[in-house]
Amino acid sequence: MTQDPNELRVGHTEREEASRVLADHFSSGRLSMDEYEDRVAAAAAARTRADLGGLFDDLPAPHPTFLRPPQASLPPTTHHPGSVPTAGRTADVLPPSDKSRIAAGVLQILLPFGIGRFYTGHTGLALAQLFVTLLTLGLGAIWPFIDGIVLLAKGGVDGNGRRLRD
């Protein structure tokens, strides 16, 4: 048995949030002093979401967060930075990146101290590659060089988990 969300009881938190939002509407000039006082008194006496929802029927946004319809949520991403998402996971959900895998790979190869990873938004990885290259007096540049080859061959994702475009 599914209960109607409007019939759920509200607590102090919801009543206080409704009063704060009503105060915003009052300060914007949408409510007169009498209307504001009546609605705040009704919010304090409210028992259900429907009681509070009726206070905002004739008002534009903002409304209290608990009265807003739930937003569709994306499934959690399970990829690791630098990995290529497989079909059926994040690649199907997120739009392609505006960053190019070719540009990232070429930057990694030509400037082998993490510049390509800065470009893709992987700042932590880029800083690690930069420090390893500096601390090893240039010998650590093999890491970003190989990373650039992998980016060119297999692609990757940007810092937001979106697949790099070709």
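Student: Why is the meeting of the side chains of Asp 147 and Arg 117 called a salt bridge?

Tutor: The term asks for a side-chain nitrogen of Lys or Arg within 4 Å of a carboxyl oxygen of Asp or Glu, and the N to O distance for Asp 147 and Arg 117 is 2.7 Å, so the pair meets the definition. Asp 147 lies in helix H8 and Arg 117 in helix H6 (residues 115-120), so the pair ties together parts that are 30 residues apart in sequence. Helices here are DSSP runs of H or I with at least four residues, strands are runs of E with at least two, and both are numbered from the N terminus. Both partners, Asp 147 and Arg 117, are buried, a word kept for residues under 20% relative accessible area, while exposed means over 50% and partly exposed lies in between (1.4 Å probe, protein chains only).

Student: How should I read these values?

Tutor: This is a predicted model, in which local features need pLDDT of at least 70 and side-chain atom pairs count only at pLDDT 80 or more, while totals for chains, interfaces and linings use all residues. Residues are numbered from 1 along each chain as its sequence is written, and side-chain values use heavy atoms, with hydrogens and water left out.

Student: What makes Asp 58 and Arg 39 a salt bridge?

Tutor: Their closest N and O atoms are 2.9 Å apart, and that value falls within the cut-off, so the name applies. Asp 58 lies in the loop between H3 and H4 and Arg 39 in helix H2, so the pair ties together parts that are 19 residues apart in sequence.

Student: Which residues are linked in a network of salt bridges?

Tutor: The network links Asp 98, Asp 158 and Arg 162. Within it, the side chains of Asp 98 and Arg 162 meet at 3.5 Å, N to O. This pair links distant parts of the chain, with Asp 98 in the loop between H4 and helix H5 (101-110) and Arg 162 in the segment after helix H8 (142-154), 64 residues apart. Asp 98 counts as exposed because its relative accessibility is 52%, while Arg 162, at 21%, counts as partly exposed. A search of the whole structure finds 5 salt bridges.

Student: What makes Asp 34, Glu 35, Glu 37 and Asp 38 a patch?

Tutor: Patch members have over 30% relative accessible area and no salt bridge, with like charges joined within 9 Å and nonpolar side chains (Val, Leu, Ile, Met, Phe, Trp, Tyr) within 5 Å. Asp 34, Glu 35, Glu 37 and Asp 38 gather in a surface patch of negative charge, since Asp and Glu count as negative, Lys and Arg as positive, and His and the chain ends are not counted. Glu 35 belongs to helix H2 (residues 33-45), and its 35% relative accessibility makes Glu 35 partly exposed.

Student: Which residues make the nonpolar surface patch?

Tutor: Val 132, Ile 142, Trp 143, Phe 145, Ile 146, Ile 149 and Val 150 make this patch of about 570 Å², an area that comes from the Shrake-Rupley method with a 1.4 Å probe, where for residues only the protein chains shown count as cover. H8 gives the most to the patch, with 6 residues. Val 150 is found in helix H8, and at 38% relative accessibility Val 150 counts as partly exposed.

Student: How do you know that His 63 touches Val 21?

Tutor: Contact means heavy atoms within 4.5 Å, and, leaving aside residues up to four places away in sequence, His 63 touches Val 21, Phe 56 and Arg 68. His 63 and Val 21 are 42 residues apart in sequence, yet their C-alpha atoms are 6.5 Å apart in space. His 63 lies in the loop between helix H3 (49-53) and helix H4 (90-93) and, at 25% relative accessibility, counts as partly exposed.

Student: Why does Leu 137 count as exposed?

Tutor: Its relative accessibility is 78%, which is over the 50% limit, so the label follows. Leu 137 sits in the loop between helix H7 (123-135) and H8, and its phi is near 55°, a positive value in a residue other than glycine.

Conventions:
The place of a charge is taken as NZ of Lys, CZ of Arg, CG of Asp or CD of Glu.
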